[in-house]
Amino acid sequence: MVGAARSRTGPWTGPPLTAVGFGPAGILSGVTTYDAIGATYRQTRRPDLRIAAQIHAALGDAATVINVGAGTGSYEPPHTVLAVEPSPVMIAQRPAGSARALRATAESIPLADDSADAVMALLTVHHWTDLEAGIGELLRIARRRVVILTWDQTVQRGFWLLDEYLPEVAAFDDTRAVAIDRLTALLPGFRTETVPVPHDCTDGFGAAFWRRPEAYLDPEVRAGMSIFAMTDEAVTRPGLARLSDDLSYGRWHERHADLLDRASLDVGYRLVIADL
Ligand SMILES: C[S@@+](CC[C@H](N)C(=O)[O-])C[C@H]1O[C@@H](n2cnc3c(N)ncnc32)[C@H](O)[C@@H]1O
C-alpha cells in the first residue's frame, strides 16, 4: 500500500459487478503458484514510494483503476476500484480497506468492456499462461490506458547475482520472462520507461538488493521472490555459498566497488504504457 488514503470502499463507477461475475464464475479451482509461495509476501514486498510515484504518474489522470494480478495490493492508487487476482492466499493479505478483489485470472476477466479508465498489471505478466489472451483482456476492460510493469531479461541477465552466481536461475528466467518486443507488439500506441531501482528499495523483488548482497543469503528475503521460490534449493545452494564466501573475504566488494556509491541502478525493470 502506498500513501495514506485507502478509503477503497468508495463507489464503484463501472458496470454493476453482480452482473459481470462476482459469483462462482470468477472462482478458480486448483492451486496457483502464489497459493504455495505467497504466504509471507507482505513481509518482504513492501511497495517502494519512489517506484509508486513513477507508476502513479504513468496512470495519469485516470479516475478509476483496475489492478490485474494485484496480489496483496502493492502500488494501488487510492482510486483503485477493483483488484483481479487468482490466489486466495494473496487476496487474504490485502490490507483492510483495499479495493474489492475479484478472484480471476487475466486470461478471462469477468468484467464488461471499458470497466475503468486505466488498468495496471505489475510484475505479473510472466506468470500468465496465455499472454495474448491476458493482454487482450486488459485492452478490453480499460477505457483509456494500460500500464504494465515487467522486466527486460536482456538487461536483467547481466545483473551480478544471476550472471556470476546463479546462471541456472538466469536460464530459468530466460524461459519465463516476457520479451519486451513480444509484449509491446500487443499494445497499440505504447511507450516504455526505465524503472531505476533505488539502492534501499523497500520492495524485495528479484533484483532489489543489487547494492545489499547479504540480503540474498536470507531465506525470508528469497521466499518473497518467485524466482527463488520456484527453484529447487539444491540448484541455488552452491551459488549462494560462493556469494557468502565472496562477501566474507571481501571479493564481492572488490569486484563491485562501482556499485557502492550508486543511488539507483537500471536492472531491467520497465514500465510499458499504452494509450488506447
Ligand atoms: C509477483 S506477484 C505481483 C503482485 C502485485 N502486482 C505486486 O506488484 O506486488 C504476481 C501476482 O500475479 C498473480 N498471477 C499469477 N498468475 C496470474 C494470472 N494468470 N492472471 C492474473 N494474475 C496472476 C499471482 O497470484 C501474484 O499475485
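In the predicted model described here, strand S5 (142-151) is largely enclosed by the rest of the structure, because 8 of its 10 residues are buried; a residue is termed buried if 20 or more other C-beta atoms lie within 10 Å of its own, exposed if 12 or fewer do, and partly exposed in between, with C-beta atoms placed from the backbone. The chain reaches S5 from S4 by way of helix H5 (residues 131-141), in a β-α-β crossover that is right-handed, that is, with the strands pointing away from the viewer, the path from the first strand over the helix to the second runs clockwise. Helices (H or I, at least four residues) and strands (E, at least two) are DSSP runs numbered from the N terminus.

Residue numbers start from 1 along each chain as its sequence is written. Because the model is predicted, local features need a pLDDT of at least 70 and side-chain atom pairs count only at pLDDT 80 or more, whereas totals for chains, interfaces and linings use all residues.

S5 belongs to an open sheet of 7 strands with mixed pairing, in the order S3-S2-S1-S4-S5-S9-S6, two strands being taken as paired if DSSP finds at least two bridges between them. Strand S3 (101-102) and S6 stand at the edges with a single partner strand each, so that one side of each is left without a neighbour in the sheet. Within the sheet, S4 and S5 run parallel and are joined by 6 bridges, with Met120 opposite Val147 in S5. S5 and S9, by contrast, run antiparallel and are joined by 7 bridges, and the bridge partner of Ile148 in S9 is Val272. S1 and S4 pair in the parallel sense over 3 bridges, and Asn67 stands opposite Met120 in S4.

Two helices that lie across strands of this sheet were examined. H5 lies across S1, S4 and S5 and runs at about 145° to S5, while H3 lies across S1, S4, S5, S6 and S9 and runs at about 150° to S5; axes are lines fitted to C-alpha atoms, for helices over the stretch in contact, and angles run from 0 to 180 degrees between N-to-C directions. In H3 (residues 49-59), the residues Ile51, Ile55, His56, Ala58 and Leu59 are buried. These residues cover an arc of only 155° around the axis, which puts them on the same side of H3, the arc being that of the directions from the helix axis to the C-beta atoms. The buried residues of H3 pack against strands S1 (65-68), S4 (116-122), S5 (142-151), S6 (190-194) and S9 (269-275). H3 is followed by Gly60, whose phi is positive, near 65°.

Asp163, in helix H7 (residues 160-165), counts as exposed because it has 12 C-beta neighbours inside 10 Å. Leaving aside neighbours within four places in sequence, Asp163 is in contact with Arg157, Gly158 and Ala170, where a contact requires the C-beta atoms of two residues, placed from the backbone, to lie within 7 Å.

Overall, the secondary structure of the protein comes to 13 helices and 9 strands, and buried residues make up 42% of its 276 residues. Of the contacts with a separation of 6 or more, 73% are accounted for by residues 24 or more positions apart. The pLDDT, the predictor's confidence in each residue from 0 to 100, averages 87, and 85% of the residues score at least 70. Over residues 1-31, however, pLDDT stays under 50, although the model has 49 contacts beyond four places in sequence for them. Where pLDDT is low, the predicted coordinates should not be read in detail.
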